[in-house]
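Q: Please take a close look at one part of this model: pairing by charge, and the strand setting around it. Keep it brisk.

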Amino acid sequence: MLEKEARVYSEREREAMAVENESNDLVISTFVLENFDKFFSNSYVGYVSEITKKYLFITLENGITGKVSLESLGEKLMEVSKYYVKTFDNVYNIADKVIVKISGVSKKYNELYMEICNNKKNKRRSKIKNG
């Protein structure tokens, strides 16, 4: 009986957290949308917080998270895992520091879209082998 109640409480807590996160995302996206000119012209320090097959998720120092499309990197993707993304010229790892600009916002999906500004920091050193 106690286990069943604990499961119900746990499920309700997860639901409440999901609603709170969605509410926070809505407030942030609305604020950025209303002040887009201010945010669009600045660059921000962030860290790669998650990697998926299509996106790098960047968390800014103030806790706001946005996403960078892997296609927007403009480079040939060589390898994508949940820990790193390798392109022809760069490597992006979880926790790497990057400089980003906000490139768009979707109020419908409560998402921030970003572009990476500092590709030079992550340049891979290619080794050319003879023969």
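A: Buried means under 20% relative accessible area, exposed over 50%, and partly exposed in between (1.4 Å probe, protein chains only). The model is predicted: local features need pLDDT of at least 70, side-chain atom pairs count only at pLDDT 80 or more, and totals for chains, interfaces and linings use all residues. Residues are numbered from 1 along each chain as its sequence is written, and side-chain values use heavy atoms, without hydrogens or water.

A salt bridge puts a side-chain nitrogen of Lys or Arg within 4 Å of a carboxyl oxygen of Asp or Glu. That rule gives two salt bridges. One joins Lys67 to Glu111, at 3.1 Å from N to O. Lys67 lies in strand 3 (residues 65-69) and Glu111 in strand 8 (residues 111-116), so the pair ties together parts 44 residues apart in sequence. Strands are DSSP runs of E, at least two residues, numbered from the N terminus. Lys67 is buried at 9%; Glu111 is partly exposed at 23%.

Glu79 and Lys86 form a salt bridge at 4.0 Å, N to O. Glu79 is partly exposed at 34%, and Lys86 is partly exposed at 29%.

Now the strand setting. Strands 4 (77-80) and 5 (84-87) pair antiparallel over three bridges. Pairing requires at least two DSSP bridges. Val80 stands opposite Val85 in strand 5. The open sheet runs 4-5-6, with antiparallel pairing.

Tyr83 sits in the loop between strands 4 and 5. Tyr83 is exposed, at 53% relative accessibility.

Notes. Helix = DSSP H or I, 4+ residues; strand = E, 2+ residues; numbered from the N terminus.
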